[in-house]
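Here is a brief report on selected features of the model shown below.

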Amino acid sequence: MRARLVPALILALLALVISAPEARAQVVGGFDFSRAEVSVTGLQVPWGLAFLPDGSALVSERNTARILQVRPGQTPVQVATINGVSASGESGLLGIAVSPAYAQDGWVYAYFTSTSGDNRLVRLQLNAPQTQTVIFSGVPSATIHDGGRLAFGPDGMLYIGTGDASNTGNAQNLNTPAGKILRMTPTGGIPADNPFAGSRVWSYGHRNVQGLAWDSQGRMYAAEFGQNTWDEINQIVPGGNYGWPTCEGTCGNTSFRSPIVTWTTAEASPSGLAYANNTLFAAGLRGQRLWTVPLTSSGTAGTPLAELQSAYGRLRAVAAGPDGWLWVTTSNRDGRGTPVAQDDRIIRIPPATGQNDPTPPTAPGNLAASGTTSTSTTLAWTASTDNVGVTGYDILRAPGSSGGAFTQAGTSATTSFTNTGLTPNTTYRYQIRARDAAGNLSPVSNTVTVTTSGATTGGCTATPTTQSQWGNGYVIQPVTVANAGTSAVTGWTVTFTLPSGHAITGSWNAALTISGQTVTARNAGHNGTLAAGQSTTFGFQASRPNGNAQTPSGYQCTSP
Ligand SMILES: [Ca+2]
Ligand SMILES: [Ca+2]
């Protein structure tokens, strides 16, 4: 009986295995569209989408002028409102971008139609959202054809897709920024290597560009709305003329560059554009679908496939998230859609899993430790890349400065991790490796060695706060010195360790002496006496090698 049952079971299992790929719905461009999830709800005409280093996303709302911070499954949190936005028709608050050096400089960029009558670019920091500096202005605006997509290229330059502002003559006129793709420095200036001297114009002959993306080779692509007939995806080259208004779609005129893909405006009306896994993803407004366009090695298009067709309504922005998922926003409250109660929404599509991905992620890089105390340290590294998507990182730790095996100390979905519960005065080594959805592991990162400081020995404690930091320096203010004991102290001494290459450039409310990497801060005349429970502060400023993200560690306070 049993002998007969087993082959039958094996046959049944085999049948399951064979039929499984058919049962599973569409995997395209490395994403599993059968497992799409509604991740964020309650937005109003989300237009731009950009990610912060912590994995959350910023969303700009066209009509409310709000910038919201969103995380999957959580209620959006308003973090800024852009001043002076005029929203009507297709205009309003449009694209947003996050500085590639956000961890150091904190800049967020927003492009919008202003109450002064132009389209313009501001930048702001979320810790002071009311201070908004105009860094580029004067782009003609109209109630339609305002373009608006904003993105940093792999060259670190800032790109804007503009529209012809309802005046078709703008597109071929190199003296106006309308109907163009513009390229500028992160402060709005004109890069010396732009194709037209003294101009931000990167390419021209555009009708209305609302999608920008770059492939893994650094080639640029743009999505553009056609008038009545042909929408376009173009590969963008500097100085290229893309034909509008003479030519819509592909035409025989060799002075114009032809699109790599065209669709009818009913099928597409593409706004956002993203790249991942050798595939472009174009979000269709009127087409109510996400077009997936495989790219060939020469940067031309294979056969496009439509996903999410009529599933969520009008689609506006699309981006490959740092979580490995594809993020898509709806635009059903823009006056041209049929909203459901949850609109507008962000839909996320997970990376495809399965045994068909043999390729591990690349190794994480530039692992560094900062903020080390007697019991904790914070690690940060640069992201790995993967053909499908990185799903997370393993934090590996070994005891001592050499020898001893690495074991897993934690995991992180982002590119940082704080390891707590460490032993004072102890040395550890750390490495990071990345995982993908198929379970492939990357090579490990560089090794960083960390030594925790001693535990508090005196009756006082010292707690540093980083007030500000920039590429090659920082201000630590206040360092709060507290008398944790039950009786008054007269005089205190705080020691801490400067990372290699750092130098103190100023201090206040304490006298600093430096020996090697060890800094000793003694109380000033006015703040040495602390009653039980009382605290005082001092501060200092230091320089560091450009690009180094470390700050001092091992703060220890002693008092007589
Ligand atoms: Ca064209
Ligand atoms: Ca992989």
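## A three-stranded sheet

Strands β27, β28 and β31 form an open sheet in the order β27-β28-β31, with antiparallel pairing. β27 (365–370) and β31 (416–419) are the edge strands, each with a single partner, so one side of each has no neighbour in the sheet. The twist averages 20° from one strand to the next. Strands are DSSP runs of E, at least two residues long, numbered from the N terminus. Two strands pair if DSSP finds at least two bridges between them.

Four bridges join β28 (residues 377–382) to the antiparallel β31. Alanine 380 stands opposite serine 416 in β31.

## Basis of the model

This is a predicted model: local features need pLDDT of at least 70, side-chain atom pairs count only at pLDDT 80 or more, and totals for chains, interfaces and linings use all residues. Residues are numbered from 1 along each chain as its sequence is written, while chains are lettered from A and ligands numbered from 1 in the order in which they are written.

## Cis peptide bonds

Aspartate 343 and aspartate 344 are joined by a cis peptide bond, with omega about -5°. Aspartate 344 is in the loop between β25 (326–330) and β26 (346–349).

Another cis bond joins glutamine 477 and proline 478, with omega about -5°. Proline 478 lies in strand β35 (residues 473–483).

## Positive phi

Serine 310 is not a glycine, yet its phi is near 55°. Its loop runs between β23 (305–307) and β24 (315–320).

Asparagine 509 also is not a glycine and has a positive phi of about 65°. Asparagine 509 lies in the loop between β38 (503–508) and β39 (510–515).

Key
Axes are lines fitted to C-alpha atoms, for helices over the stretch in contact, and angles run from 0 to 180 degrees between N-to-C directions.
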